Number of protein chains: 2
Amino acid sequence: MTDTSENNRTGKPLTEAGRSRRDILKFGSIVTLGAVLGGGALLGHTAPALAQAASKGELAPNDPLDILIVNYDGGTLLDFAGPSEIFHRLPNTNVRYASLNGGNVTLEFGVVYGKTERLADIERTDLILVPGGSDLTAPMRPEYQAQIRRLAQSAKHVTSVCNGSLVLAATGILNGKRSACHWAFVNKLSEYGAIPVPDRFVEDDNGRFMSGGGVTAGIDFALRVAAKLRGQQAAEFTQLVIEYDPAPPFHSGHPRDARQEVIAMVDKELPGASKGLARIPGVR
Amino acid sequence: MTDTSENNRTGKPLTEAGRSRRDILKFGSIVTLGAVLGGGALLGHTAPALAQAASKGELAPNDPLDILIVNYDGGTLLDFAGPSEIFHRLPNTNVRYASLNGGNVTLEFGVVYGKTERLADIERTDLILVPGGSDLTAPMRPEYQAQIRRLAQSAKHVTSVCNGSLVLAATGILNGKRSACHWAFVNKLSEYGAIPVPDRFVEDDNGRFMSGGGVTAGIDFALRVAAKLRGQQAAEFTQLVIEYDPAPPFHSGHPRDARQEVIAMVDKELPGASKGLARIPGVR
């Protein structure tokens with residue numbers, strides 16, 4: 001995990017090209033035109049770096065980016081609501097939502113989310129994101145796994161938030177790959193051949209695999225993905241628009257900080273959590 | 001705004017009463033029984049404090065809590081997805097969603113959220129939350145305003161996230177009250193008789209009015225609301241479950257930190273933003 005927070009604080013201003021879509025808070029095509037006007041020297045990318053990215057089949061910040069968020073019954077809204085809010089605001093980025101049968105899905109707590117496309121109707125995507133949930137029974141089923149495996153194999157970037165990494169790992173695509181996961185489940189990754197890393201953001205194979213920790217880690221994850229694929233300035237713009245200037249009132253966001261009795265409460269609800277081995281429906 | 005992060009670090013462990021609902025990561029009735037067993041001395045509340053709260057018509061952590069999230073076309077998903085994720089996990093707390101006509105609403109970026117109840121079918125609620133959006137045309141209409149005003153007047157707690165405070169203020173209920181808002185819109189509050197406060201969390205009338213700043217501020221807002229209404233231990237439990245241990249990769253979450261050229265980008269998309277006076281459909 002690279003801390004890039006102090007990088008590129010002197011980036012040059014970009015020239016605006018006008019708005020590309022209906023979305024009022026959308027970045028529009030600013031970066032695209034900026035990259036063209038600046039010969040690729042903006043956003044921390046030098047021209048040789050862009051050429052190198054192209055030669056490796058990677059996306060440059062001005063290539064169209066197609067993102068697919070996989071939805072399923074039992075999923076957790078905030079796992080993908082953070083990334084979704086960020087991805088929708090990036091330039092030249094199209095965000096789609098799909099589930100096995102399409103239509104509405106019923107998330108954790110009975111929250112209804114729709115209208116999703118059918119996974120089988122999606123030919124391919126540049127980036128697949130599998131969010132986590134409190135019940136992974138649905139996405140662990142063979143039909144779901146087959147669709148996720150197919151789309152992940154052809155995607156440039158295979159990503160997850162929270163215990164969505166268990167769903168990805170179960171397809172086999174994370175074999176030998178380093179991955180993040182919600183702290184309560186992270187060590188289950190090794191049962192599916194992946195390498196558990198207890199960080200908030202984890203990258204492997206030079207960004208082919210990117211993953212976030214539990215639930216709210218999806219916001220930090222998505223900002224890093226945004227910077228990597230659309231340039232740092234686009235990520236900073238989005239962070240400012242969503243006022244992501246966090247100020248948690250308590251020190252309780254991770255077992256390393258939380259009070260012992262609070263950790264014990266989670267362990268009672270989710271036996272094995274403090275060992276990273278909590279049980280969850282759908283996971284062996 | 002009170003920083004309570006160092007308070008009650010010596011709270012006693014609670015006794016678990018088992019799970020109250022189907023939700024795997026839900027706190028259940030732990031606090032309820034804990035409060036009963038401990039005679040109200042847990043969670044930082046002394047017995048006299050609880051008695052005082054009761055005499056003022058306030059909620060004690062073991063009273064049932066009814067929360068209503070107001071939805072509308074053009075709303076922003078993450079404004080309420082953060083609070084929703086937290087509120088659903090609190091003990092003795094029921095979270096409902098309602099819109100003017102009920103059924104599905106179409107949020108910003110075409111995201112569909114459902115199934116909401118009809119506002120007119122809700123007799124009253126303990127806490128009303130109005131999230132923000134990129135288009136406030138719908139909730140600024142007289143029929144929406146009448147329902148929101150009616151429910152806010154009888155609610156114990158009147159709350160908002162992001163520019164949802166403009167919607168609340170337009171009903172007149174925030175006359176002379178201090179309120180937060182997304183940084184780009186905060187000074188518009190005074191046009192509706194409220195007092196703009198450029199903080200991430202703002203409280204007035206001893207918690208009758210509570211509001212969060214822009215989009216992601218909803219998470220910090222909800223943890224503070226959780227601590228106030230359900231006790232600090234319940235808030236800490238929830239923070240740990242949603243792994244809220246933020247690590248933004250850039251210093252760009254607020255105009256005070258963001259680079260000038262990034263602020264200028266937002267000002268181009270939303271003229272007046274850096275003065276807190278950005279225009280938005282539906283707002284005069």
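What follows is a dialogue on reading a few features of this predicted model.

Colleague: Where should I start with the packing, and which residues touch the most other members of the largest nonpolar core?

Modeller: In soluble globular proteins, nonpolar side chains tend to be buried together. In this model the largest nonpolar core has 72 residues, and Leu77(A), Phe87(A), Leu77(B) and Phe87(B) touch the most other members.

Colleague: What does Phe87(A) touch, leaving out residues up to four places away in sequence?

Modeller: Phe87(A) touches Ile67(A), Thr93(A), Val95(A), Leu129(A), Phe221(A), Ala222(A) and Val225(A).

Colleague: How do I read the pair α3(B) and α6(B), and at what angle do their axes cross?

Modeller: The axes of α3(B), residues 77–87, and α6(B), residues 217–230, come within 8 Å and cross at roughly 30 degrees. The two helices are therefore roughly parallel, and their crossing is right-handed. From α3(B), Gly82(B), Pro83(B), Ile86(B) and Phe87(B) meet a set in α6(B) that includes Phe221(B), Ala222(B) and Val225(B). The residues of this contact divide into 9 nonpolar, 2 polar and no charged.

Colleague: Which residues meet where α8(A) passes α7(B)?

Modeller: Among them are Val262(A), Ile263(A) and Val266(A) in α8(A), and Phe237(B), Leu240(B) and Val241(B) in α7(B). The contact divides into 7 nonpolar, 1 polar and 3 charged residues. Here the axes come within 9 Å and cross at roughly 65 degrees, again in a right-handed crossing.

Colleague: Is Thr159(B) buried or exposed?

Modeller: Thr159(B) counts as buried because its relative accessibility is 0%, and the cut-off for buried is under 20%. The residue lies in strand β6 of chain B. Beyond its neighbours within four places in sequence, Thr159(B) is in contact with Leu127(B), Ile128(B), Leu129(B), Val130(B), Leu168(B), Met210(B) and Phe221(B).

Colleague: What should I look for in the backbone?

Modeller: Most residues other than glycine have a negative phi, and most peptide bonds are trans. In chain A, a cis peptide bond joins Gly114(A) and Lys115(A), with omega about -25 degrees; Lys115(A) is in strand β4. In chain B, a cis bond joins Gly114(B) and Lys115(B), with omega also about -25 degrees, and Lys115(B) is in strand β4 of that chain.

Colleague: Where are Asn92(A) and Cys162(B) found?

Modeller: Asn92(A), with a positive phi of about 55 degrees, is in the loop between α3 and β2 of chain A. Its relative accessibility is 26%, so Asn92(A) counts as partly exposed. Cys162(B) has a positive phi of about 60 degrees and is found in the loop between β6 and α5 of chain B. At 4% relative accessibility, Cys162(B) counts as buried.

Note on methods: Residues numbered from 1 in each chain as written. Chains lettered and ligands numbered in written order. Predicted model: local features only at pLDDT ≥ 70, side-chain atom pairs only at ≥ 80, totals over all residues. Heavy atoms only, no water. Core = buried A, V, L, I, M, F, W, Y, C linked by side-chain atoms within 4.5 Å. Buried < 20%, exposed > 50% of the residue type's maximum accessible area, 1.4 Å probe, protein only. Contact = heavy atoms within 4.5 Å. Axes fitted to C-alpha atoms, helices over the stretch in contact; angles between N-to-C directions. Helix = DSSP H or I, 4+ residues; strand = E, 2+ residues; numbered from the N terminus. Left-handed = near helix turned anticlockwise from the far one by under 90°. Nonpolar A, V, L, I, M, F, W, Y, C, P; charged D, E, K, R; others polar. Parallel < 35°, antiparallel > 145°, perpendicular 65-115°, else oblique.
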